[in-house]
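Colleague: Thanks for sitting down with me over this one. Could you show me the model, so that we can go through it together?

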Amino acid sequence: MNVTGTMMNYYFHCKRQCYLFGNKLNLEDNSEAVKIGKALHEERDQRQGTTEIAIDNIKVDKLTQEYLTEIKKTDADAEAAKWQLLYYLKVLKDKGIERKGRLEFIEKNRKSTKTVILELTKAEEDQLEEYAAQIESLISQEEPPPVIHDRKCKKCAYYEYCYI
């Protein structure tokens, strides 16, 4: 199985969401939050003349000579976004492309963009290997993990699946 950047993000955000997505239950097409995120990406792409780049099992928002940039609409789960970006950096490094990571949070009601710069370390590479193995194990389980009952669940694309 190929772990994706989305799975890495979901693994930190919610193990149940990661499991469901990894087992091809995709409810994101019906999610308002996901639609807003896609619209923000499209608007930014049109303004800057850029598009997503697909490389194997990942889709990166922007790749320059110095940075691989991942754009998020909010910093509500910065840890999940960080590990997703580090995963992307590792996939590129494995292909001989080394870049720094640039994580941009473009919240719609703020005038400025919050930016975090990351560099992939050997310790993080090792940790990513462990996380990828944990994701593969999680997705191969017979049953999904239990519902986490968190505030963030109300905005999740899988809310109706978990609660209704």
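Colleague: Which residues lie nearest the centre of the largest cavity?

Modeller: Happy to look, bearing in mind that this is a predicted model. The structure holds one cavity of 30 Å³ or more, and about 110 Å³ of space lies in the largest cavity. Its lining is made up of 13 residues. Those nearest the centre are Cys14, Ile148, Cys153, Cys156 and Cys162.

Colleague: And which element gives the most to that lining?

Modeller: Two elements give two or more residues to the lining of the largest cavity: helix H2 (15–22) and helix H6 (159–163). The top contribution to the lining, three residues, comes from H6.

Colleague: Let's turn to Arg16. Which side chain of opposite charge is nearest to Arg16, and how far away is it?

Modeller: Arg16 lies in helix H2. Not counting residues up to four places away in sequence, Arg16 touches Pro144, Pro145, Pro146, Val147, Tyr161 and Cys162. Arg16 is buried yet has no salt bridge, a term that calls for a distance within 4 Å. The nearest side chain of opposite charge is Glu143, at 7.6 Å.

Key
Residues are numbered from 1 along each chain as its sequence is written. This is a predicted model: local features need pLDDT of at least 70, side-chain atom pairs count only at pLDDT 80 or more; totals for chains, interfaces and linings use all residues. Side-chain values use heavy atoms; hydrogens and water are left out. On a 1 Å grid over the protein atoms alone, a cavity is a set of points where a 1.4 Å probe fits but cannot get out, and a pocket is an open set with protein on both sides within 12 Å along at least five of seven lines; lining residues have an atom within 4 Å of a point. Grid points are joined across faces, edges and corners, and a volume is the space filled by probe spheres set on the points. Helices (H or I, at least four residues) and strands (E, at least two) are DSSP runs, numbered from the N terminus. Buried means under 20% relative accessible area, exposed over 50%, partly exposed in between (1.4 Å probe, protein chains only). Lys and Arg count as positive and Asp and Glu as negative; His and the chain ends are not counted. Contact means heavy atoms within 4.5 Å.
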